[in-house]
Amino acid sequence: MAPVRSLIRNYMLFALQRSSAGCPVSREDEGVLKTLAAYNFLKRESLRLRTLVVLAKRRMKRRWWVRPIFADRKMAGAWFSLIPVMKEFDAEVYFNFLRMTPDSFDWLLELIGPVISKSCDRREVISAGERLAITLRYMASGDSQVSLSYLFRVADCTISQIVTETTAAIWYGLKGFVFEPICEDFWRRKSAKFESMWNFPMCVGAIDGKHCFVQKFPMMGSECYNYKYGNSLILLAISDAKYKFIIVDVGARGRESDGGVFARSEFGQLFLNDQLRFPPAVFNSELDCNLPYVFLGDAAFPGGAHLLKPFENRYIPPEEHVFNYRLSRARRVVAL
């Protein structure tokens, strides 16, 4: 009935518009319009019904609700058969499989378990522990989701959703433990580590970019095509003296340069606007000047008071050559 009411309403609006314009619809025109409207309505309804019939014929009947190889998940799946044995008798192999000790796994599961747990009245759900194990194995091995589906006896489309949800939960659960708040004391501690371990004073971090090659995204053209002849996304990271990432920026398109990604990143904006809360410069008695806290980069990044990069000239004096050596050695911590 809704299409008929819409048809009547449109006709009444058309008649009112003609009347307000000073040329009302005559009885003869009224009959013609109603006939055409009814014809178009029936034609659209006929096309819609034919389309529904074709789609109904194409719709295949499901062969089974759960594939037979996934039905015995509790007998042959890795979470029920392989992982408990490794956890009980071989902690070394367990660590190699998940890149995590059993105690660390239990701690992480306790932290994010309430977030990734599911409930359903119609069928049994995949437990939070199994979801975490699937995600950790995916990140540890880099294996395809199809192979993981055979290992854990879970459909690959389900694994895709599990990995997406669980990695997000891990990020939001651990970022408070991994990334410390930025303050003056934070930079002083990082500088002390660089000086003691790499013999480079006043350095608070080493910065570099990495092209992570990916398959070409649909409808993206050459947006992610880079000079290394492939499509990629850029990982920009800053590492401390112990190879630990303290700042990361992921997702820039491969066609961009490291310097461009740095300038457009949130960290780059804070750096360029002097909002990183660096401690005051420290007086150096040997050089008889104040030395600021600095990051170490390569030629792709813009140099400045707080970002050092090596000298580019091939024929440089010995002291500049030593400086380049020391800087390159300290940047090994972020060699991506």
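Residues are numbered from 1 along each chain as its sequence is written. Because the model is predicted, local features need pLDDT of at least 70 and side-chain atom pairs count only at pLDDT 80 or more, whereas totals for chains, interfaces and linings use all residues; side-chain values use heavy atoms, with hydrogens and water left out.

Two packed helices are described by the angle between their axes and the distance between the axes. Helices (DSSP runs of H or I, at least four residues) and strands (runs of E, at least two) are numbered from the N terminus. Axes are lines fitted to C-alpha atoms, for helices over the stretch in contact, and angles run from 0 to 180 degrees between N-to-C directions. Helix α9 (residues 128-141) and helix α11 (residues 156-178) cross at roughly 90°, and their axes come within 9 Å. Helix α9 is therefore roughly perpendicular to α11 (65 to 115 degrees; under 35 counts as roughly parallel, over 145 as roughly antiparallel and the rest as oblique). On the α9 side, the contact (heavy atoms within 4.5 Å) is made by Arg131, Leu132, Ile134, Thr135, Tyr138 and Met139. From α11 come Ile159, Ile162, Val163, Glu165, Thr166, Thr167 and Ile170. By class, these residues are eight nonpolar, three polar and two charged (Ala, Val, Leu, Ile, Met, Phe, Trp, Tyr, Cys and Pro count as nonpolar, Asp, Glu, Lys and Arg as charged, and the others, Gly among them, as polar).

Helix α9 also packs against helix α10 (residues 145-152), where the axes come within 11 Å and cross at roughly 140°. The two helices are therefore oblique to each other, and α9 passes α10 in a right-handed crossing (the near helix is turned clockwise from the far one by less than a right angle; anticlockwise is left-handed). Glu130, Ala133, Ile134, Arg137 and Tyr138 of α9 touch Gln145, Leu148, Leu151 and Phe152 of α10. This contact has six nonpolar, one polar and two charged residues.

A further partner of α11 is helix α8 (residues 102-116), packed at an angle of about 125° with the axes 10 Å apart. This angle makes α8 oblique to α11, and the crossing is right-handed. Trp107, Leu108, Leu111, Ile112, Val115 and Ile116 in α8 meet Thr166, Ala169, Ile170, Gly173, Leu174 and Phe177 in α11. The contact has 10 nonpolar, two polar and no charged residues.

The largest pocket holds about 800 Å³ of space (a volume is the space filled by probe spheres set on the points, which are joined across faces, edges and corners). Of its 28 lining residues, Arg123, Ile126, Val154, Ala155 and Thr158 are the closest to the centre. Elements giving two or more residues to this lining are α3 (68-71), α4 (73-76), α10 and α11, with the largest share, five residues, from α11. The lining comprises 13 nonpolar, three polar and 12 charged residues.

One cavity of 30 Å³ or more is found in the whole structure. The largest cavity is lined by Ile207, Leu236, Ala237, Ile238, Ile247, Val248, Asp249, Ser265 and Phe267. Strands β3 (230-239) and β4 (245-253) each give two or more residues to this lining.

Definitions and conventions: On a 1 Å grid over the protein atoms alone, a cavity is a set of points where a 1.4 Å probe fits but cannot get out, and a pocket is an open set with protein on both sides within 12 Å along at least five of seven lines; lining residues have an atom within 4 Å of a point.
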